[in-house]
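Please keep the sequence and the model in view while reading.

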Amino acid sequence: MPNLLTLNDWHAAYRVGALPRAPLMVRRERLAARGRPIYLYVVSSAQLDAQLDALHARAAPYADPIENSTSCRAGACHSR
């Protein structure tokens, strides 16, 4: 997984079918591995999952039915 640092990086990832869960978990793990950051609070995996689930639920009415499948939520959908 590339290191997504800028909005352009994230937009490019979404254009090729990336879903937010996997890259955000990678970013969370990288931040957590550095130890206690000075200015950031690194949420736990469970907290990030809860936030992503809430966002997914809010977006569901507007989502493409194919991307809303269980396999896509697990990160296995790359239809775009």
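Which residues are linked in a network of salt bridges? They are Arg21, Asp49 and Asp53, where a salt bridge is a side-chain nitrogen of Lys or Arg within 4 Å of a carboxyl oxygen of Asp or Glu.

## Basis of the model

This is a predicted model, in which local features need pLDDT of at least 70 and side-chain atom pairs count only at pLDDT 80 or more, while totals for chains, interfaces and linings use all residues. Residues are numbered from 1 along each chain as its sequence is written, and side-chain values use heavy atoms, with hydrogens and water left out.

## The chain as a whole

The secondary structure comes to four helices and zero strands, in the order α-α-α-α along the sequence; helices (H or I, at least four residues) and strands (E, at least two) are DSSP runs, numbered from the N terminus. Of the 80 residues in the chain, 19% are buried, where buried means under 20% relative accessible area, exposed means over 50%, and partly exposed lies in between (1.4 Å probe, protein chains only).

The accessible surface of the chain is about 6,000 Å², and 60% of that surface belongs to carbon and sulfur atoms; such areas come from the Shrake-Rupley method with a 1.4 Å probe, and for residues only the protein chains shown count as cover. Among contacts (heavy atoms within 4.5 Å) between residues at least 6 apart in sequence, 40% join residues at least 24 apart.

## Salt bridges

The structure holds three salt bridges. In one of them, the side chains of Arg21 and Asp49 meet at 2.5 Å, N to O; because Arg21 lies in helix α2 and Asp49 in helix α3 (residues 45-59), this pair ties together parts that are 28 residues apart in sequence. The C-alpha atoms of Arg21 and Asp49 are 7.7 Å apart in space.

Arg21 also meets Asp53 in a salt bridge of 2.7 Å, N to O, and this pair again links distant parts of the chain, with Arg21 in helix α2 and Asp53 in helix α3, 32 residues apart.

Another salt bridge joins Glu29 and Arg28, whose closest N and O atoms are 2.5 Å apart. Glu29 counts as partly exposed at 41% relative accessibility, whereas Arg28 counts as buried at 13%.

## A buried arginine without a partner

Arg27 lies in helix α2 (residues 21-33) and is buried, yet Arg27 has no salt bridge, since the nearest side chain of opposite charge, Asp9, is 7.2 Å away; here Lys and Arg count as positive and Asp and Glu as negative, while His and the chain ends are not counted. Leaving aside residues up to four places away in sequence, Arg27 touches Asn3, Leu4 and Leu5.

## The aromatic pair

The structure holds one aromatic pair, formed by Trp10 and Tyr14, which is tilted, at 6.3 Å centre to centre with 45° between the planes. Rings of Phe, Tyr and Trp (its six-membered ring) pair if their centres lie within 6.5 Å, and planes under 30 degrees apart count as stacked, over 60 as edge-to-face and the rest as tilted.

Both residues lie in helix α1 (residues 7-15), four residues apart, about one turn of the helix. Trp10 counts as buried at 15% relative accessibility, whereas Tyr14 counts as partly exposed at 35%.
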